[in-house]
Structures are given as C-alpha cells and as structure tokens.
Amino acid sequence: MRDAQKPDHVSLNTLVNWLREGRFVIPDFQREFEWKPWDIRELMRSIFLDYYIGSLLLWKGKPENFDALSCETIYGYEGKGKPEYIVLDGQQRLTAIYYAFLAPDMPLPNRTNRFFYFVDVQKFMAEDYDAAFGYEWLTRRWAKVLSSKESQFASHMFPFSVIGTGGWELPNWVQGYENYWNTKAAHAASAEDNKAAAEATMHAVNAHEFGTILKGITEEYQISYNELNKDLEVDKVCDIFTQINSRGVRLDVFDLVNALLKPKGLQLKQMWRDATPRLSDIDTEKMNVYILQVMSILRQSYCSPKYLYFLLPGQEKSVRDPDGTRRKEVLISDIGVFETRWNTAVDALADAIKVLMHPQEYGAVSAAFLPYVSILPVFAALRAHAKTLPAPRQLDARRKLRHWYWASVFNNRYSGSVESTSARDFLDVKAWFDDDSAEPSLIPEFAQRFRNLDLRKEVKRGTSVYNGIFNLLVLQGARDWMTGDVPQHGDLDDHHIIPDAWGKKHLPGGLVGSILNRTPLSADTNRNVIKARLPNDYLPELITQSGEATVRTILESHFISPTAFEILLRKPFGPDDFEAFIGERHRTIQDAIENLLIKERLDLPPQLRELDTTMEQIELTLRKTIEAALGGSYELVPPHVLQKVDEKISRALKKNAALDGDVYRTLAGKLEYFDLRELQETITSKALWARFEQRFSTKESVATEFDQLAELRNGIRHSRAVHEIVRKRGEAAILWFKDVLKKELASA
C-alpha cells in the first residue's frame, strides 16, 4: 500500500486546462451536481482570497475502471474528452470550477437559465469582498455585456470565463481594460475635466494591479489532491472510500456497489425502489445499505458490504484461512444468486422491523421509539439465521436473541461505529444458539451493570436507554389512565407524569423530562383530560369514578408502585416530593429490568411469570438452607458437585474480568452457580443427608419434588410452552417446598 496514494497539488491554471480537456470523470455512485448558484460564488470568493478549499481524491484511471464504475464526464462538459482521473471526492468543487471558468452553455441543475460569474474589479480592489463577487442569469441585457468587452470594462466586470478561455485571452483582457481607462483619462484631461481624469486614472492603476493579482492567482494558487494508483485493486479503493464516508462526507457505499454491478446487467437501484415500500416504517437514509449489510453478514459473517461486487471468477476476494494461508473466494457467483440473497435480506429486514414494532414482542411501536436503527442489520441477520435451525431449537434461539437485544440496548452497544460490533455479535450469538456455554460476555455484563444506569439523566427521547424503557412500558401493557385500555400505537403520547410546565418552574434544568417522569398515554387523555394538571388534582377524580384498587392497578402497569402512587397524591406537591417520586420509580424500573429482562420473564404469560418468581425464591432459600447446614464450609460439598460448580465459575471469570473472584471462594458465592439438580445432590448425598433428613423426611420425597419442580422450571426456561400436567405437578412441588421451607421463606 506504500504506493497506493500520492499527495500532490496543481495550479488553478493547470486545473482549468485539465477541466477543459475533459480529464476528470465522475463515477455513477457519486451523487449528482447539486450546488446552488451562491455556492459557486462562495467558492470563487475563496479562491480569489487565497483560502484553502479542501483536497481532492482522484483515482488514476484506466479503461476497465472507467467502464466498471460507469463513469461520466463532469456536468456541462460536451464531448468525450481525455479521461484520466476518476473523482472519488471533490466532484462538487470541480464541477463548480468548471461551470464558473468554462461557462458551458447549460443551465445549473434545477434551474431554467444559464448563469455566469464575475468579480467587480473596483469593489475587489477596494477590499469590499462581500459585494465584489457576483453571478447573473443570462438575460438579453447580460448577454450583450458578455459579448462586448467595452461594456465589461465600463462596468468593471471581469467574467471568470476569461480565465477558462485560455491562451492570450486573459492578458489581452487585462491590457484592454487598462488601455480603456487610460484612454478615458486622456480624453478627460484634454477636456480639462480633472475629476473625471483622476477617476479614470485610478481605474487604470487598479486595472494594472488587478492584472498582477490575476496572474498570481491563476499561476500560484494551488489545489491539493491525493492520487490513487491506477493499478490499485477495487476493494482497496472501497476501503479508502468507506473511510471517507465515515468522516462525514456523504458518499454512499450502496451507490458504489450499484455502479460496480451495473455493467453486469444488475439494476440495483430499481431493486431498491421495489423493496422500499416493505421497509418504509423505519425512516432512515441508510436502509438500502442495511440490505447489503444483511447480505454480507449472512454470506460472510462480516457487516461491510464492500465486497459484494465479486460476481465472477477473476474478481475474487482474498481470504486468509485460520492456518494463515490465503485463498481466493467468489462471494456471489452470478446475478441470480445476488438477487436471491438480496430478496432474503429484504425479507429479513421486513420481518425484523415488524417484530421490533410489535407491542407484545419488542414494544418499539413507532420508529421514534426504536432504541437503535443501526442494530437492524445484525438483528435481522440473527433472526434469519434462527429460522434455519431445527424447529426444537428455534424457541431457545429466539429467547437468546431477545436477551442479547436488551443487553445491547441498555449497554448502549450500538451508539457508535457498528460494523465490527455487528460482525462480532453475529458470530457470538450464533455460537450461543448452538452451545449454552458460549454465552457472550455482554449478557453477564448487562446483569452486573444495569443497576448503575442513571435514569435521571435520560431526558432525550431517541437515546437507547430512554427508548428501551418506553418499550418496556408498552410491553408491560401500560393502560390508559382514563379508559383503562391499552393505547393503540398510533395514538400514543409520551406523557409527563408531573407536568412539564410545573417542572420548568420548580425543578433544575431538564429534570422534568427524565424517562422517570414519562409514560405512554393516549393522545386524548394526555392533551384533553389531564392537560397540565398535577396528579394530586386528577387522581382523586379517577378514584371516585373507578375505585382506588382499579386506579392503583392501572398505574402499576406504568411501573408506579404503591409507594410512588402515595407520593403523587401528596398536597401540596413540591420539588422534594418530585425527588421522592422519581427515586421510587427509578427503583421500580430497575426491578422491572431485572425481573423482565435479565431473568427473562418478559415473554412469559402472567401466571407462569409468577410461578417462575416463586421458584426462584425457593431456589434462593434452598441455597441459604444448605449454607447454614454446612456452616459455610464448601469443603463439605460432594466433590463431583464442587468440581462442576468450580468449572462453571472458572468459565464465568474468563468471560467477565469484572467479576470478583474472591466472592466465589466462599460457599455462599459458589452456591450462586448451583442449579436445582446440584442442590438436590448436595442435600441427598450420603455424607450430608443427616443434616437435612429431619426437614426433608425421605430422599424419595426430595427426588420426586425436585423432579417436578425442575420439569416446570425447565419448561418455562427453555420451551416457554408448559403442558398443563407439568404446570400442575410443578405447582404441587412448590406447595411442598413452601411447607418445608416456611420459616426461611417467611423471614426472606
């Protein structure tokens, strides 16, 4: 890559000559020339005032590259020219220079008239630079001025097209301008009009000095450029192109791939137009690129689509195998395969958008409440891959996908550059689909860090955490406070529980907009019923109409606990009450994140969700019972159980360096990694049974109840569909354990 690019510079005169000769061509992937008339004027002003106008990026061309990129001449150029450079960055500036200096007989884009550009010499020499540079559209009057040098001299109008004409035109114009005003001065002097003679002499002096300035500008003003080697491979040009794009220059990789595929007969832009209606619920300029990214992820587990033009042998991508050897690979073998993969990617994105916006799936009921748009490609690819798994494994894969998604949302994982993150996550989650022990480190990190989220600061709708909590409220089935119905997604307002107007008056900047003070309500309730009233004004009305129990239940669906409910009823309500309310709601929302997302109860029916919570309490109580019975000594744990647990702890520590290893050198720490079967084996082991026999009666009873409890727990955790018989048996086991552990459970 040492010779990949060569920095250089060129004088304005030389650049204009190159433009006249047609040395520059524009690849099809570049957007059209779209500068406005005043943009061109400002560029001329910058050049004449010796300002830096940025560097150009040019690719030294050869015929096959001109064809591959479907290159065209610069806007306004007539004829074939002598193509030499493909313009990768700088098209707008080059075309503006061409239009101002070469004055093609063509209107500007989206204009009906041809424009010409000039500088007022006297204003320029007086350093009135804001007024000196101008443009006009070509009326009959201005056409006469352009056709008459005397008219130009008389009005001090120097057309930039004089520079573009080349040859002796520029020095002849300057000499003619100076002679014109010297002649005027001589005539005025002979007529003894001293004032006119002095003014004409000043113009002649300015004309001479302006000529010197023009010579300096055209010969000494330098435009810098980077020239890419003509033998550089297209994929390396794509790399450079992508880097330019990441720095904010709007160069779309979709248009690049389109240009590369067009000569092969594939109309990518038309395919995109056909796909647009299916993906229109999410408003983003990048959706066409997202389709290519999904194709790339599914084809090569890599998010960048820049290699998808490899359609035929001879255009292979160089691949390094795990053993270090290189080989060539054709990613897409023909146009038919490309179209098939394109359609698969469109289907995957349409499916992903549908499920993310579903009020009972992910809760992003409108595009405004989607935590990330940038997560779409990898999410779509993972859902598409999950569908290819054997049917019994698909439910578990969807469960893992949900867990990864919410961990990504609340860890702000997709807030920055996402291509490498998407590729890594696709491989990690895909491996997790196949192997429970391959859990990505993101999952335990989420469980550890979610309590550190400062939700007070989440005041801006559109951030991942703000929108994620709003999605949870939708998924929780937050009911409208007046109707009791779940609002339809097209009828949702992001409501301030404590009114915005009150908050701006009584609270420090912005706090009233925190997600802790926001919740979804119907537009009618928010705007026409509640309006700007405090809850202590309208909640008593609701209680009178519907009963306190009903109102409390509705507000609990908004993560407003009984304690928070009481705070909202306080009269008078002041800033301290607001602090107490958002503090309590912060705790409630954190508990909801743990219960619904980390413990994965979100997609359970309410009855199973309650059973899962109860079984967790039983499991935690069993751990404490074992710890007490063993006196905190993990050495007493059966060796085969201890070995399995230590292996699980070792894997967890390797995955997550933030875990404190010292915690897991105690029996209490190790018990965190005991599953139900390991708890059972510890209780019923020959060496320890005497410590538990009085409480649990017989080993047979323990085995039966643990079997039934484990069957229900596994059914809930893995299949998410529990047979009625399994549920009944599990409920009976729960009752048995509650009776056996009633003292410990009562004190929990």
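# A chat about a predicted model

Q: What radius of gyration does the protein have, and what would a compact globule of 748 residues have?
A: The protein has 37 Å, whereas a compact globule of 748 residues would have a radius of gyration near 27 Å. The radius is taken over C-alpha atoms, and the globule rule is 2.2 Å times the number of residues to the power 0.38.

Q: Where does the model come from, and how are residues numbered?
A: This is a predicted model, where local features need pLDDT of at least 70 and side-chain atom pairs count only at pLDDT 80 or more, while totals for chains, interfaces and linings use all residues. Residues are numbered from 1 along each chain as its sequence is written, and side-chain values use heavy atoms, with hydrogens and water left out.

Q: What box do the C-alpha atoms fill?
A: Roughly 130 × 75 × 45 Å, taken along the principal axes.

Q: How many helices and strands are there?
A: The protein has 35 helices and 13 strands. Both are DSSP runs numbered from the N terminus: helices are H or I with at least four residues, strands are E with at least two.

Q: How much of the protein is buried?
A: Buried residues are 50% of the 748. Buried means under 20% relative accessible area, exposed means over 50%, and partly exposed is in between (1.4 Å probe, protein chains only).

Q: And what share of contacts is between residues 24 or more positions apart?
A: Such pairs make up 71% of the contacts with a separation of 6 or more. A contact means heavy atoms within 4.5 Å.

Q: Changing topic, how many charged side chains are there?
A: There are 96 positive and 104 negative side chains, and the centres of the two sets lie 2 Å apart. Lys and Arg count as positive, Asp and Glu as negative, with His and the chain ends not counted. Each charge is placed at NZ of Lys, CZ of Arg, CG of Asp or CD of Glu.

Q: Let's look at α15. What span should its 14 residues have?
A: Helix α15 (residues 287-300) should span 20 Å at 1.5 Å a residue, and its end C-alpha atoms are 20 Å apart, which agrees. The expected span is 1.5 Å times one less than the number of residues.

Q: Is α15 enclosed or open, and why?
A: It is largely enclosed by the rest of the structure, because 12 of its 14 residues are buried. Among them are Met287, Tyr290, Leu292 and Gln300. Just after α15, serine 301 takes a positive phi of about 55°.

Q: What about α16, how far does it reach?
A: Helix α16 (residues 335-356) has 22 residues and reaches 31 Å from its first C-alpha to its last, close to the 32 Å expected. Its buried residues include Phe338, Trp342 and Leu356.

Q: What covers those buried residues of α16?
A: The cover includes α13 (253-261), α14 (268-275), α15, α17 (376-386) and α18 (391-410).

Q: Now aspartate 425. Buried or exposed?
A: Aspartate 425 has 3% relative accessibility, so it counts as buried. It is in helix α19 (residues 419-434). Leaving out residues up to four places away in sequence, aspartate 425 touches Val378, Trp404, Ser408, Arg413, Tyr414 and Lys430.

Q: And where is aspartate 493?
A: In strand β12 (residues 492-496). At 9% relative accessibility, aspartate 493 counts as buried. Aspartate 493 and arginine 518 are 25 residues apart in sequence and 9.6 Å apart in space, C-alpha to C-alpha.

Q: Which helix holds lysine 655?
A: Helix α29 (residues 639-655). Lysine 655 counts as partly exposed, at 29% relative accessibility. From lysine 655 to proline 444 is 211 residues in sequence and 8.6 Å in space, C-alpha to C-alpha. Not counting residues up to four places away in sequence, lysine 655 touches Ser437, Ala438, Glu439 and Ser441.

Q: What kind of peptide bond joins lysine 571 and proline 572?
A: A cis one, with omega about -5°. Proline 572 is in the loop between α26 (562-568) and α27 (575-598). Most residues other than glycine have a negative phi, and most peptide bonds are trans.

Q: What is the phi of asparagine 110?
A: Positive, about 65°, although asparagine 110 is not a glycine. Asparagine 110 lies in the loop between α4 (91-102) and β6 (115-120), and it is exposed, with a relative accessible area of 78%.
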